[in-house]
Amino acid sequence: MKALRTPKFWFAFYTYAVMAILIYMPIVILITFSFNDSTIMSLPWSGFTTKWYAKILARPDLLKSLWNSLWVALIVTAVSLVLGVLAANAMARYRYKGRIFFTGYISIPFVMPWLILGIALLVFFTRVGIQLSLFTVILAHISFDVPLVAVLVASRLHQFDPNLEAAARDLGCGPLEAFRLVTFPIIAPAIIAAGILAFNWSFDAFVVTHFVIGQQVTFPIWVWSALRFPKNLPIINAVSSIIVVVEMGLIFLAEWIRRRGAGGEEESILF
Amino acid sequence: MTTATLSHTHRRHRWRLTFQRYLGLTLNIFPPFIYILLLFYVPMGMMFLISFWKSGYMTLEPIFTLDNYITFFTSPIYLKTLYNTFIIATGAMILLVIIGYPIAYYLARMGPKYTYLILFLLIIPVEINFLIRIFAWKIALGGNGVINSFLMQLGVIQEPLKFLLYSKTAVMIVLIHEWLPYVVIPIFLSLRGIPQSVIEAARDLGSSRYDIFRHILLPLSVPGLFASMVLVYIPMLGEFAVPALVGGPSGYMLGNVIESQFLSAGNWGLGSAIGFILLAITLVLVALVIKIAGVEELL
């Protein structure tokens with residue numbers, strides 16, 4: 001058997017080992033210790049419990065932060081989808097002078113470090129005199145979600161034959177009707193996948209939110225402040241485990257929808 | 001009906017289509033254009049402007065000055081932090097390439113059965129809340145954390161390894177965890193793009209496995225390498241949550257200085273100036289990479 005251990009075997013072994021240790025180990029530890037009956041997260045194992053999960057419900061501040069994150073992310077996703085799809089249309093479906101400029105203009109925020117975006121928006125809101133609140137958080141999240149949606153939907157639109165819509169127009173459709181009946185069904189999977197990712201980005205956004213939130217609390221901000229108090233750690237652990245499972249579920253859903261739309265031929269939305 | 005009226009209707013129809021097309025384009029461009037202008041470009045401009053304003057603790061006056069930039073470049077502490085940031089990001093980048101390249105090579109050139117499933121599994125954790133993942137590493141790396149208590153129970157070590165948490169090492173480990181997928185994928189894509197016929201030709205002409213790697217695969221994967229460096233190095237330079245949670249005093253980075261200028265020291269002018277220094281370094285690096293990568297392609 002030893003003789004069969006080719007370079008391919010060792011490369012495979014190496015790949016799985018790196019993924020197990022560097023990528024998945026902390027997540028597995030996190031979920032495992034959410035069932036540990038102790039506030040100190042170290043071995044030896046102190047016994048199985050689900051009490052940390054029960055305690056989540058006894059923390060109104062935590063529930064409130066989750067609720068805030070949820071509705072902020074829903075509004076952000078809805079507005080970003082509208083603006084992002086419009087931008088994607090302008091990036092991919094029309095030929096005009098300045099198209100390259102417009103594409104760069106929309107894409108630059110996509111590569112800007114979030115820290116820089118966060119402080120720039122803090123300066124802006126304060127100088128203009130807009131009170132920091134969840135409203136400014138929504139405005140800030142939209143400004144990084146619009147480029148995300150635009151880039152993802154535009155890449156799908158690039159594969160779309162514009163003659164299809166032109167044909168619909170020739171056959172008497174109005175512009176909105178042609179979009180609704182022809183273009184939209186084709187780009188719908190990309191829009192849904194972009195919407196799920198945009199939701200995820202907003203729900204998880206910590207860096208930008210940290211600067212523009214003022215006194216209110218979203219879930220990542222709650223985690224950030226709770227991390228300072230050791231007695232909170234098992235509860236963070238439990239709620240994190242739930243969110244890890246839910247988020248993985250959402251990603252699988254997004255990927256499944258996208259693959260169904262693309263006939264499973266192109267690469268993942270995630271890269 | 002005569003041909004004249006037909007062509008007239010036809011022309012009017014075409015004119016209407018052209019008009020609707022321009023109207024459609026305008027309606028598509030303007031809403032996102034205005035939003036991004038007001039909530040991205042205007043704020044960036046304002047930040048640039050106040051980096052030249054006279055600024056102190058909780059004060060900011062619209063008087064032009066270069067003091068904020070001078071303060072940064074004459075302070076040994078800030079320069080030390082700049083150096084630290086550079087060391088941590090560069091160290092993590094080098095390790096990322098060393099760790100990630102063989103994985104990309106394996107996935108792209110050795111034909112594993114489940115290439116896309118493995119890539120997918122590599123990328124999923126990226127979507128999990130980042131603070132939660134940093135917190136998970138804290139549990140793993142701490143003095144009485146999982147790795148230390150595991151190694152001590154095995155008898156490998158007597159004392160907990162102190163350098164695992166609150167150190168540059170800890171920051172680098174978490175950064176590697178965070179960015180590994182973004183390094184693997186561009187290298188994977190460029191390695192996969194190399195036609196098999198090129199490799200077979202080299203093999204027919206008597207090249208060894210090493211020669212093929214050294215003279216074909218490695219040079220042709222350089223664009224992917226550069227792409228991953230742009231994608232990963234820039235955000236690592238601007239990191240602040242990772243050093244704040246696992247870095248301790250020795251792992252302090254420029255991002256932490258910027259954050260504290262805004263949220264505790266109250267010196268926004270200085271904070272903005274440091275932000276722009278960071279941004280300028282980033283842009284120079286990108287330009288450099290593009291230039292080198294461009295030259296590389298010419299060769």
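Reply: Two residues are in contact if their C-beta atoms, placed from the backbone, lie within 7 Å. Please keep in mind that this is a predicted model.

Me: Leaving aside its neighbours within four places in sequence, which residues is A:Met25 in contact with?
Reply: A:Met25 has its place in helix α1 of chain A, which covers residues 7–33. Once the neighbours within four places in sequence are left aside, the contacts of this residue are A:Ala20 and B:Ala140.

Me: Is A:Met25 buried, partly exposed or exposed?
Reply: A residue needs 20 or more other C-beta atoms within 10 Å to be buried, and 12 or fewer to be exposed. Because A:Met25 has 17 C-beta neighbours inside 10 Å, it counts as partly exposed.

Me: How many helices and how many strands does the secondary structure of chain A come to?
Reply: Read from the N terminus on, the elements of chain A run α-α-α-α-α-α-α-α-α-α-α. The secondary structure of this chain therefore comes, with helices and strands taken as DSSP runs, to eleven helices and zero strands.

Me: What share of the contacts in chain A with a separation of 6 or more do residues 24 or more positions apart account for?
Reply: The C-alpha atoms of chain A fill a box of roughly 75 × 70 × 30 Å along the principal axes, and buried residues make up 41% of its 271 residues. Among the contacts in chain A with a separation of 6 or more, the share from residues 24 or more positions apart is 78%.

Me: Is B:Tyr166 buried or exposed, given its C-beta atoms within 10 Å?
Reply: B:Tyr166 lies in the loop between α6 (146–154) and α7 (168–192) of chain B, and its phi is near 55°, a positive value in a residue other than glycine. Most residues other than glycine have a negative phi. Because 21 other C-beta atoms lie within 10 Å of B:Tyr166, this residue is buried.

Me: How many of the ten residues of helix α12 of chain B are buried?
Reply: Helix α12 of chain B spans residues 254–263 and is mostly covered. Its buried residues include B:Leu254, B:Val257, B:Ile258 and B:Phe262.

Me: Which residue in β2(B) is the bridge partner of B:Gly56?
Reply: Strands β1 (residues 53–56) and β2 of chain B run antiparallel and are joined by four bridges. They form a hairpin with two residues between them, and B:Met58 in the turn has a positive phi of about 60°. In β2(B), the bridge partner of B:Gly56 is B:Thr59.

Notes:
Residues numbered from 1 in each chain as written. Chains lettered and ligands numbered in written order. Predicted model: local features only at pLDDT ≥ 70, side-chain atom pairs only at ≥ 80, totals over all residues. Pairing = 2+ DSSP bridges.
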